[in-house]
Amino acid sequence: MAAPMESWGEAGRLLSIALQRATRAAERARQQTEFAERHERLAARTGREFHRSMAATHRRIAERHLTTASLQHSYAASLAAWSTGHGDRPRFMAEVAAACGTASAALTLIDSDLNQLAVATSDQLARDAQDLEYVLGIGPAREAAEHKQPVLASGAALDGRWPGYGTGLDSLGLCSVAALPLKAPNGCIGALTLFDPLPGRAETGELDEVAGAVTDNVLLGPDADPDLYGGVDLRAVVHQAAGVMSGRTHCSVDEALALIKARAFARGESAEAVARRIVYEAMDLD
């Protein structure tokens with residue numbers, strides 16, 4: 001679907017912001033590279049491990065800024081096409097997925113109790129797959145966030161590790177996942193899950209770089225936009241529906257939330273779809 005005329009101005013605004021962010025990320029990468037080179041010269045002259053360590057740190061930060069710049073440039077290119085009336089409104093997560101060698105990726109923000117707070121996806125397939133984990137309460141994103149380690153699984157190992165999850169992915173035509181923790185200074189804020197990634201990509205460390213760039217620079221950095229440019233969906237309606245059900249059935253909110261998820265799984269629907277009906281029905285009754 002082409003962008004309607006009233007959306008062209010928004011596309012231009014987002015395009016300008018993306019290009020500015022790409023420029024700033026590239027400049028930060030240049031600065032970090034200069035810092036690294038300075039410490040490398042000092043290490044060569046003094047032989048001190050401190051300078052070697054600092055050089056490596058600055059090199060790593062520079063790489064993440066370069067990855068961020070690349071993501072922003074790709075997003076800007078998609079916005080430019082949309083601004084001229086070509087294609088649907090682009091999703092930033094689609095660029096993240098492409099950088100990771102897949103078409104389907106989901107970014108999930110998770111709290112300290114491992115509850116999903118929000119999700120951003122590259123496409124509907126990724127959304128359906130991530131909804132499956134949300135409904136079951138088990139899966140790769142939750143495990144990656146809990147243990148702060150990458151999680152890789154495919155084929156029969158999926159159901160062996162998370163009962164029901166592999167069967168659900170198979171029904172969506174997916175057969176493998178890779179989940180990377182979104183590590184922050186004070187812990188882990190979620191996970192980046194890739195569906196059917198190219199074989200071997202997870203082992204190279206390349207995917208960790210993308211996850212790190214998204215965490216450090218897109219979600220938490222100087223140009224942070226936790227809403228991912230309008231792409232994040234808060235699971236607020238599900239918690240609202242759980243509150244409604246709790247009040248009407250006199251069960252706890254946690255029990256109500258479990259019932260909503262169970263109903264969604266039984267009907268093959270998203271938890272949001274079930275939750276919206278509960279809220280609408282409550283509004284009609286009131």
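Axes here are lines fitted to C-alpha atoms, for helices over the stretch in contact, and angles run from 0 to 180 degrees between N-to-C directions. This is a predicted model, in which local features need pLDDT of at least 70 and side-chain atom pairs count only at pLDDT 80 or more, while totals for chains, interfaces and linings use all residues. Residues are numbered from 1 along each chain as its sequence is written, and side-chain values use heavy atoms, with hydrogens and water left out.

**View 1. Helix H2 crossing helix H3.** The axes of helix H2 (residues 49-83) and helix H3 (residues 92-99) come within 9 Å and cross at roughly 125°, where helices (H or I, at least four residues) and strands (E, at least two) are DSSP runs numbered from the N terminus. H2 and H3 are therefore oblique to each other, given that angles under 35 degrees count as roughly parallel, over 145 as roughly antiparallel, 65 to 115 as roughly perpendicular and the rest as oblique. On the H2 side, Leu-71, Gln-72, Ser-74, Tyr-75 and Ser-78 meet Phe-92, Glu-95, Val-96 and Ala-99 of H3, contact meaning heavy atoms within 4.5 Å. By class, this contact of H2 with H3 has five nonpolar, three polar and one charged residues, where Ala, Val, Leu, Ile, Met, Phe, Trp, Tyr, Cys and Pro count as nonpolar, Asp, Glu, Lys and Arg as charged, and the others, Gly among them, as polar.

**View 2. Helix H2 crossing helix H8.** The axes of H2 and helix H8 (residues 206-219) come within 9 Å and cross at roughly 85°, which makes H2 roughly perpendicular to H8. Residues of H2 that include Arg-60, Glu-63, His-65 and Leu-71 meet residues of H8, among them Asp-208, Val-210, Ala-213 and Asn-217. The residues in the contact of H2 with H8 divide into four nonpolar, five polar and six charged.

View 3. Leu-42 is found in helix H1 (residues 5-46) and is partly exposed, with a relative accessible area of 21%, where buried means under 20% relative accessible area, exposed over 50% and partly exposed in between (1.4 Å probe, protein chains only). Leaving aside its neighbours within four places in sequence, Leu-42 is in contact with Gly-47 and His-51. Leu-42 and Arg-52 are 10 residues apart in sequence, and their C-alpha atoms are 8.4 Å apart in space.

**View 4. The chain as a whole.** The secondary structure of the chain comes to 11 helices and six strands, and buried residues make up 45% of its 286 residues.
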